[in-house]
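Work through the exercises below with the sequence and the model at hand. Each task is followed by a stepwise solution.

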Amino acid sequence: MPETLLPNIVQFIAQIDPFDKLPIAIVRELSLQIQITYLGQGEAINMEDKDNKYLYIIRTGSVEQRLKNGVLRARLGAEDLFGFTFLDERAEEQGAYSANAIENTLLYLIPHNALLTLFKQHPSYAEHFASQAQIRLKSALDVVWSNKEKGLFIKRVSEVASDKVAVVDAKMTIQDVASEMRIAKRSSSAVVVEHGKIVGIITDRDMTKRVIAHGVPIDRPISEVMTLSPYIVKPTDLVLHAASVMMQYSIRNLPVVDEEKVVGLLTTSHLVQNHRVQAIFLIEKIKYSDSVAALSELNSERQAIFEALVEGKVSVEIIGKVMTMIMDAYTRRLIQIAIAQFGAPPCDFAWLVAGSHARNEVHMLSDQDSALVLAENATESDRIYFHHLAMYVCNGLAACAYPLCPGKFMAATRQWCQPISVWREYYKKWVDNPEYEKLLNISVFLEVRAVYGNAEYIDQLKSCMHNKISSNREFLGMLVRDATNVHPPLGIFNNLVLDKGGNNKKTLNIKKYALNLIIDLARIYGLSVKCESTGTEERFLYANQQGVLSDNAYKNIIGAYQFISQYRFSHQLEALKNGVEPDNHINPDLFGSFERKHLKDAFRIITELQDSAKLRFGNL
């Protein structure tokens, strides 16, 4: 390699992960061994040569990888790396996939031997490269994941966390707590309780930094050095959710709590094997993006994750939760950027989300449903500040491919940026007089969740809503009448309900004639038993547990919901793969016998539950 090119190469790779974690002297040493290759569009990379293996760095252009059976493995662009399989003895052979330039491409090639020598001299650096051996976030991802790989999304915290956790009293001395951690429980952390409630956490690292480093007497109470009000997770939470909390708040230990009882501990070491959870990496990127433009550049990665989840046959519940976590991250980051631009908020507030976002059921077609709840003492000047903030956030989300709500149910609409007392009046008016417009408003805001700010405001509104609904027996009846005005097409192949006009005149709107009906029914059954959860499946489950939905009806409607949702996701996935805008319109002419049979059953189940809801709630 010409010496004159070296500074340029060093400068380029030194800012690429994971080279940015290496000393510049080592980056320069590796750069001296780089080979440069230029590929024309369509030209293949020789991946079969076992005597000459390389780590490839794309300087310009893009590369497509395909498995031997032709299935797309990944699409990579500038600054992406590939060729990591040599780092894992269990990985596929080097020639297990082909790589072709899909446009004119310039590659830097680092010989594997050079990297292996580096890792032998500096074993700690190998970990940085191992994390990159996973499929890149910007790729299209494997078409089908193995059960082991899918398990990382499906697993609950209870399946991963350790049950070795020290639980100590706030009055215990530092020495006694350290003894409990090391001798009794062999735990890296201790959860501190007072009068039966969790008040803090202390880790072995905290002991070093806060006790030993500052010479704090070990006979002092642990309450003086503990971390107050620690973040916690439930045993039923997703591992993905727990990992996201750890990354968002830069913490290494999460107590696992079931009904206020500490049942385990989740640490970062439990997640070492979970590097394939791409959504975590995307959330981390979102966290450190500093502009709307930077955030919008991550849209393809979000789509790649959705495609991978659908293709991997991950459950619709998990898909919704993963995509919701990503939308939460976008929303929070945009709020933070807006605050940095407009200054500190003039009063307390909460940013709430509604609709599919609040239900944890986000997908690639989800638009924005949001609002702002302000402190009671908010002035008109304060509202002007929050209006500007909301405009910035809503437009930013739109730039990140989360469409503006057609009905303008967004925080940027002045009607939905109000002090908490006004929101209470909204709910009172909506429940007391559920005419069409008010019913539409409350239908949007029957599911709400806080993603930023004072979450207590949202808890107060939900409590207000449940109390108002409980005192108005006619309200559920009105919801039932509205929810049963539309019926699924039982005669789907003889008397199909088709959209008229436009490009969708020969298609069935599966959202309107199936999914929305199920969501409406879940809402009705959930509200009837004051279910605090907002998710569709969670509401049906709680109604079943409370005895208002039979076991058979519960199993049937959950099966129908999951099948139709999965079918919709597959339909949207096919559109994305074909470069077409995804939608909710399906063409009955394309149904096979499998789809025909199961869609008929699903539509019948929805109709039966509509009839049951009429009998139970319609005459209240």
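**Exercise 1: an open sheet**

Task: give the strand order of the open sheet of 4 strands, and state which strands stand at the edges.

Solution. The order is β9-β10-β11-β12, and the pairing is mixed; strands are DSSP runs (E, at least two residues) and helices likewise (H or I, at least four), numbered from the N terminus. Two strands pair if DSSP finds at least two bridges between them. β9 (166-169) and β12 (227-228) each have a single partner strand, so one side of each lacks a neighbour in the sheet. Next, β9 and β10 (residues 189-194) run parallel, joined by 4 bridges. Ala-166 is opposite Ala-190 in β10.

The model is predicted: local features require pLDDT of at least 70 and side-chain atom pairs pLDDT 80 or more, while totals for chains, interfaces and linings use all residues. Numbering starts from 1 along each chain as its sequence is written, and side-chain values use heavy atoms, without hydrogens and water.

**Exercise 2: a histidine**

Task: is His-112 buried or exposed, and which backbone oxygen does its side chain reach?

Solution. Locate His-112 in helix α3 (residues 112-121). Its relative accessibility is 3%, so His-112 counts as buried (under 20% relative accessible area, with a 1.4 Å probe and protein chains only). The His-112 side chain reaches the backbone oxygen of Tyr-54 at 2.7 Å.

**Exercise 3: contacts of a tyrosine**

Task: which residues does Tyr-427 touch, not counting those up to four places away in sequence?

Solution. Taking contact as heavy atoms within 4.5 Å, Tyr-427 touches Ile-442, Phe-445, Val-448, Leu-461, Cys-464 and Met-465.

Note on methods
Buried < 20%, exposed > 50% of the residue type's maximum accessible area, 1.4 Å probe, protein only. Polar contact = N/O pair within 3.5 Å; in protein donor to acceptor, adjacent residues only side chain to side chain.
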